[in-house]
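Please read it with the structure open beside the text.

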Amino acid sequence: MALTRLTLRDFRNHAATRLEDTRGFNVLVGENGAGKTNVLEAISLLAPGKGLRRAAAAEMAGRSGDGSFAVTAEMEHGDVALATATTPAAPNSRSVRINGAAGPATRLADWLSVTWLTPAMDRLFAESPGDRRRFLDRLVLALRPDHARTATRYETALRERNRLLADPADPDPAWLDALEAQLAENGAALADARRALVADLAREIATQPEAPFARPALAYASETPADPDALRRSLREGRRRDRAAGRTLTGPHRDDLAVTLAAKNAPAADCSTGEQKAMLIAIVLAHAALTSAERPRLLLLDEIAAHLDPVRRAALYERLAASGAQVWMTGTELAPFAEIESQAAVWKVADGIVERV
Ligand SMILES: Nc1ncnc2c1ncn2[C@@H]1O[C@H](COP(=O)(O)OP(=O)(O)OP(=O)(O)O)[C@@H](O)[C@H]1O
């Protein structure tokens, strides 16, 4: 399955962009600020969640348009059309239509799987655990659409518990009990889904060749009890401590994705930029292998060739070709894509206009 046509209307600097025959490799080439990443961002909106830049809808609407935008994707096999749009009346909302019918964004994951790597993620291993949790949740979400609901319920209960704990008045114990029951049920499920994904990814990565890519060793670093009853007990016992801290100190919102470079036994954060990028690529490729081939698997790789030497770049293209994923890559020059140019659709992007080369 593949996405075969993409249209953007009034999306950032793309007034009316249409890309046809997009199966396989797609390479977007253009100067800085031309609108290449904007195309990837538009595609990322076809995944549940906030998209590649986590931007508000109003920010993405083209400045020369009427404040609304639309992104439509067509897939082979019938007339599946996904559109996401925002209107001036509701500037920060997105509406999603699948086959013409309005539906929740979480249903998008039933139709296609979209993952991405951007230059902003080059520091993922070195930066805050929150970014890594978000990355992990996004990968879980692409495989298990119900993960979004679990995460939302958990976050809502967590915010409310933190609010109660920060209140100078003594919190109502029955209300705390109810919130902790919610936190325990959804928190254990959240941690469990992440743990299971990390184990699946690690198994998949072990089947990938070691060279020339850095093979990452993954672990879910967690003190969250796997059993909901144990998590609930731990929350209840931690009330006094959490009240003093002003926030909840137990649960999957404190967990982390621990990554090391297997060959050197070095924490990923201490590795070179190229090595870190290679590890991220290994994770994303493993994820694509876990995703059902019945749905289009889209990999958005923004400026991916930038930090890779020619040997790694060639290996990357080989693995991408073998992955069966539909790949979108960007660059300011065509030269780094020479090895795959013959199999790729090359798109020239200039000032929000996209043309097939
Ligand atoms: N809401 C908007 N309306 C119109 N134009 C916008 C909007 N948001 C961003 N832009 C424009 O989009 C352009 C940036 O596009 P994009 O980030 O896709 O560039 P790029 O081709 O990926 O460049 P680089 O190679 O530097 O990463 C800028 O010119 C910016 O002014």
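1. I begin with a pair of helices. The axes of α6 and α9 come within 9 Å of one another and cross at roughly 105 degrees, where an axis is a line fitted to C-alpha atoms, for helices over the stretch in contact, and an angle runs from 0 to 180 degrees between N-to-C directions. α6 and α9 are therefore roughly perpendicular to each other; in this scheme angles under 35 degrees count as roughly parallel, over 145 as roughly antiparallel, 65 to 115 as roughly perpendicular and the rest as oblique. On the α6 side the contact is made by Asp200, Leu201, Glu204 and Ile205, and on the α9 side by Ala282, Ile283, Ala286, His287, Ala289 and Leu290, with two residues being in contact if their C-beta atoms, placed from the backbone, lie within 7 Å. By class, the residues of this contact of α6 with α9 divide into seven nonpolar, one polar and two charged, counting Ala, Val, Leu, Ile, Met, Phe, Trp, Tyr, Cys and Pro as nonpolar, Asp, Glu, Lys and Arg as charged, and the others, Gly among them, as polar.

2. A word on conventions. This is a predicted model, in which local features need pLDDT of at least 70 and side-chain atom pairs count only at pLDDT 80 or more, while totals for chains, interfaces and linings use all residues. Residues are numbered from 1 along each chain as its sequence is written. Helices (H or I, at least four residues) and strands (E, at least two) are DSSP runs, numbered from the N terminus.

3. The chain is divided into domain 1 (1-112 + 295-357) and domain 2 (127-291), with bounds that come from an automatic or database domain assignment. Taken over C-alpha atoms, the centres of domain 1 and domain 2 are separated by 28 Å. In the contact between them, 19 residues of domain 1 meet 17 residues of domain 2. On the side of domain 1 that touches domain 2, α3 (108-111), β12 (297-301) and α10 (310-323) each supply at least two residues, and α10 gives the most, with six. That side of domain 1 has nine nonpolar, four polar and six charged residues.

4. Which strands make up the open sheet of six, and in what order? The order is β8-β12-β13-β3-β14-β15, with mixed pairing, and two strands are said to pair if DSSP finds at least two bridges between them. β8 (113-117) and β15 (353-356) stand at the edges with a single partner strand each, so one side of each is left without a neighbour in the sheet. Direction ignored, neighbouring strands of this sheet are turned by 20 degrees against each other on average. Strand β14 (residues 344-350) pairs with β15 in the antiparallel sense over four bridges, and Lys348 stands opposite Glu355 in β15. Packed on this sheet is α1, which touches β3 (25-29), β8, β12, β13 (326-331), β14 and β15 and whose direction makes about 150 degrees with that of β13. Helix α9 (residues 273-290) also packs on the sheet, touching β8 and β12, and its direction makes about 175 degrees with that of β8.

5. Strand β1 (residues 3-11) has antiparallel pairing with strand β4 (residues 69-75) over six bridges, and Leu8 stands opposite Val71 in β4. β1 also pairs with strand β2 (residues 14-20) in the antiparallel sense over six bridges, with Thr7 opposite Arg18 in β2. β1 and β2 form a hairpin with two residues between them, and Arg12 in the turn has a positive phi of about 45 degrees.

6. The ligand shell deserves a look. Of the 15 residues around the ligand, Asn13, Asn32, Lys36, Thr37 and Asn38 come nearest, a residue being near a molecule or strand if its C-beta atom, placed from the backbone, lies within 6 Å of it. Helix α1 (residues 36-44) provides the largest share of this shell, three residues. By class, the shell divides into two nonpolar, ten polar and three charged residues.

7. An open sheet of three strands has the order β9-β10-β11, with antiparallel pairing. Its edge strands are β9 (216-221) and β11 (266-267), each of which pairs on one side only.
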